[in-house]
Each structure stands twice: as structure tokens, then as C-alpha cells.
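Dear colleague,

Please find the structure we discussed below, handed over for your own work. A short account of the findings comes after it.

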Amino acid sequence: MAVAVEMLNISKFFPGVVANDNVSLSVGEGEILGLIGENGAGKSTMMNMLYGMMEPDLGVIKLFGKEVRIQSPNMAIKLGIGMVHQHFMLMPNLSVLQNIILGKAPTKKGLIDTKEAKEKIREIMDTYDLPVDLDEKVYQLSVGEKQRVEIIKALYREAKVLILDEPTAVLTPTETDKLLDVLRLLKSKGCAIIFITHKLREVMAITDKIVVMRKGLVTGSLDTSEANTEGLSDMMVGRKVNLEIDRKPYQPGEDVLEVKDIHALNQRGLPALNGVSFHVSRGEVVGIAGVEGNGQTELIEAVSGMLKPTGGQIIFKGQDVTARNVRQRRESGMSHIPEDRLKMGSAVNCTIRDNLILNRYYQKPYCKSGILDNKKLHALSEELCKNFDVKTPDSDYKLGTLSGGNMQKVIFAREMEADPDLLIAAQPTRGVDIGAIESIHHKIIEVRDSNRGVLLVSAELDEILSLSDRILVMYEGEIMAEFKRGEADERTIAVYMTGAKRQGGDDDEK
Ligand SMILES: Nc1ncnc2c1ncn2[C@@H]1O[C@H](COP(=O)(O)OP(=O)(O)O)[C@@H](O)[C@H]1O
Ligand SMILES: [Mg+2]
């Protein structure tokens, strides 16, 4: 089969950073290339050049053997390249149909021929099993559906090369499996696919070959049949990954959080929490395991003050805070790393520094009589970047220039700087590479070891098992089981996660 894309000896320089240093890769028709590497390795930059968002400083791009200069995404699209970005590029207020045909609508007598467009899209949806409601507004869609729209959009433009930048970072395991099926189908139809991910399981499952990048360089280029996950993670981080973290012996202190019989409704007004009770003490990590969508989000929102419960109490450091708002809870020592960092935790168009101080710019010593002390603020943000290993030349850069993992470190740094008594961490390592996961896990254990409480919610069972002193399993808005560290393994917990079993129930042998 023909070689579809060749990127040869590509270099790209940003002020203070060599994003790509003499990188080469290629992918053929009907082939899937996995592009992997830690956050900041230079993967997105490579693909942004292929999609015409920027041009290489050095090197050559060839499409089907012919050298090309791709100067804009429009040109890339004309050349048959489609890209599903890490952060979706759809227009939220337009319908699915409008988004798909934007700039490429068929016309009849000067009017948009919706019928023809719809027919063409239906065919794509049927062929690739990508169902979406064409009349729905994009902002109403789930993350998985938005991604489907992006893929349909690329196929509607007849992409022969499809780039997906960390598509599974935002998906649930079931959605991920479906996406992988779609990619297999695309491959069988001859599409050339470049698939960026951190997740080695996915790389092993679906790719034909792999390019590993680290700090702008290629550290490995091999066929998937020759690869194993250990070797790949070594190439990614340049050292063995340590997922077992040393921690002080478990000696829980007084309760920092007590959740008493909380009931709450979800966004659609349906019951999401049906009488949840538990506590978090100082010096422990309490992990909430569960399949996503079983009330974890609402639980975090109720504890942090974003969602008003319909019943029950939240006691924080001995005080009933149920009626207090987010800011009041924050100021009394509750920190929160939100689940959706792009939507709630950060402002991508503001500088890293501004994001670091988002919740304290109005406090002393950074602000006196309403005037900000910029020098102090800059010094603080530089120090935080250093301590939390945020990879950037300067904290005056926009947050949006950072990779997902580095953004997450910024949010983490901000929340930790507030010196919290309770840290609420929701999916703290979602979409984050192995190196950054390790550093975030260490920080979480540091919080615990310094005699504070951590409430951790994660869909990654590995993460729950490796960090938690106690594990609560949630299913349909209720706690189904509680385990001490080491008491239960992955398989045992999974049984409770699916609701097949409940502690204290008739069929419980414990
Ligand atoms: N537009 C930009 N301006 C300045 N620096 C950038 C820009 N885009 C990326 N970088 C930097 O280039 C490096 C590689 O980033 P990126 O390609 O996003 O990595 P990855 O996708 O592998 O996480 C990072 O250090 C990042 O901060
Ligand atoms: Mg990236």
C-alpha cells in the first residue's frame, strides 16, 4: 500500500523551547500509527504542522510521495487531511448539521441543499456506525458525541489521512472501545490514521507501528508487533515508572469532612445521590471508585458547594457548611481539582500566572488596597511552576499553550498553594501522561502525609487502589461497599461497581 504521509527531519522552535528536533515519521494507507510521549513531548506540534496550523522551521512534508507546503487548515483539508483536535473546534451554538457542512455545503440554485448534505452524512454515519442527531445543537452533546461529529466532519470532507490528538483522554472506557472499532473500520477502508494517546493499552490494541517522542526527540520508532508496554513507557519517560509511592503509616486523625445522608438531583432533575454518608479524616486518602455517571460528579459538587443537596448535611472541620457557597468553603480550607479542567478549573486564554492566582488575587500580600503587586505575583508563579514541575519557559505564557498534563499541574499548584485541610481531587490525572501522573500522585500522598484529608474520585481503578487508604464504591448514587487499603483487589471492587453485589446484602459472604 502507498505511503500516505511522510514528515521528514522536521524541526520546530518556539521561544525557549525546541518543540520538535529532527523528527521523522510516516504512515501508509490502511495503517494506524501511534504517536506517543509525555506531555510536552511535541506530539501536537507535529500534527498541527501536518494540519497546516503552523509550518515547520526545518524539514519536509510529503503526501503520497509528493512534497507539499501546507499553509493553512483549509489547504490541509483540500489535500485530504482531517484532524480531531484535543480540544474540540466545533461551534457550540450551531446544530450538528451546520457544523459538519460549515464551509462545504452543497448548494442548489444558490441555496444550501440540506437534503443532499443530510444524505451524504447519513451514509457516513451508517458506514462507520457513528450515530448523532443532526438537528441537535452542539453544546447539548456529550463529549463522546462531539468527537463523533468531528470525525464525521473530517469524513464528510473526504479525508484520506485522519489525525486524532488524544481522542480517548475524554472518553469513558465504553466510548473508547467504540472509537477503536471506528478506527479499525477506517483502516480497513484504506484511511491512514495517526493516533496520539498516552494509553499504552490502546496503542498495543490498535496500532500497526509506533513513534515515541520525548522532549522534542524521537526516542523510539518500531512496529507494534515488536513492542511491549514496559519498553514503551521507558522510552516515554526515560526511566522506569514508579507507581508504588512511599507513604507514612496509616494513622488517621480527626474528621475533616463528614457527609451525612446526602440526597441530590442531577442536572436533569433526576435523583443522583440517594443517601450518601461517609467521612474523611486527616492523614488519609478516601477514594471513590465507580463507573462514571453513578453520582460521583454530583457528590463532588455537593461537597465543594456547587450543587445544593435536597437533603442531608456536609460537615467540614466540625462546622455545618451545607448552606455555604463555594468561595466560603474554599476560604475555610477546602480545595478542589475539578473534573473538567477546561470548563471549570482554568482560563486557557489567560496566562499561567493569572491561572495560578485565580482564587487569591484579592488577598494579601499580593493585593494591597486593591492594587496587585505584580512582582510578587510573578515570583510566586515562577516558584510554583518550578515546584510543581510545570514545563514552560515563563509563567507569562497563556495557559492554553501548555499540554494537558502541564495544565493539570498548574491547577494542582494553585489548589495546593491555598494550603487546604481537605483536597478534593476529581479525575486528577485524566488525559495526563505517565510522568505527570507520577508527579501528581506524589503530591496527593504529600497532602495526606502532612496530616490533611484527601477525597479522591477516579474512574481509573489502578489510581484508586494505589493511592487510597479507604475505598468506597459508588453505584447509582449509593455507596455499595467500603474497603481498607489492601483489602480488595481490582476484580472484587469491579463486582460492586456494576451493582452486582452490595456489602451487607443477602448474597454477601463477608
Ligand atoms: N504555540 C506555542 N507557543 C509556544 N510554545 C509552544 C506552543 N505550542 C507548543 N509549545 C511548546 O512546545 C512543546 C511541545 O508541546 P506539544 O506539541 O503541545 O506537546 P505534546 O502534544 O506532546 O504534549 C511544549 O514545551 C509546549 O509548551
Ligand atoms: Mg498534545
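The notes below cover the conventions, the domains, the ligand site and one arginine.

This is a predicted model, in which local features need pLDDT of at least 70 and side-chain atom pairs count only at pLDDT 80 or more, while totals for chains, interfaces and linings use all residues. Residues are numbered from 1 along each chain as its sequence is written, chains are lettered from A and ligands numbered from 1 in the order in which they are written, and side-chain values use heavy atoms, with hydrogens and water left out.

Domains. The protein chain is assigned domain 1 (3-237), domain 2 (251-332 + 422-428 + 450-510) and domain 3 (334-419); these bounds come from an automatic or database domain assignment. Between the C-alpha centres of domain 1 and domain 2 the distance is 37 Å.

Ligand site. Ligand 1 is surrounded by 14 residues, of which Gly40, Gly42, Lys43, Ser44 and Thr45 are the closest; a residue counts here if one of its heavy atoms lies within 4 Å of the ligand. Because both domain 1 (3-237) and domain 3 (334-419) give residues to this shell, ligand 1 lies between them. Helix 1 (43-50) and strand 2 (17-28) each supply at least two residues of the shell, and helix 1 gives the most, with 3 residues. Helices (H or I, at least four residues) and strands (E, at least two) are DSSP runs, numbered from the N terminus. By class, the shell holds 5 nonpolar, 7 polar and 2 charged residues; Ala, Val, Leu, Ile, Met, Phe, Trp, Tyr, Cys and Pro count as nonpolar, Asp, Glu, Lys and Arg as charged, and the others, Gly among them, as polar.

Oxygen atoms of ligand 1 lie 2.8 Å from an N or O atom in the side chain of Ser44, 2.9 Å from a polar backbone atom of Gly42 and 3.1 Å from a backbone N or O atom of Ala41. Taken alone, ligand 1 exposes 560 Å², and the protein buries 83% of that (Shrake-Rupley method, 1.4 Å probe).

Arg282. This residue lies in the loop between strand 14 (271-281) and strand 15 (284-289). Arg282 has a relative accessible area of 15%, so it is buried (under 20%; exposed is over 50%, partly exposed in between; 1.4 Å probe, protein chains only). The side chain of Arg282 makes a polar contact with that of Asp421 at 3.3 Å, and also reaches the backbone oxygen of Asn451 at 3.3 Å. A polar contact is a pair of N or O atoms within 3.5 Å; within protein, one must be able to donate a hydrogen and the other to accept it, and residues adjacent in sequence count only if both atoms are side-chain atoms.

Yours sincerely
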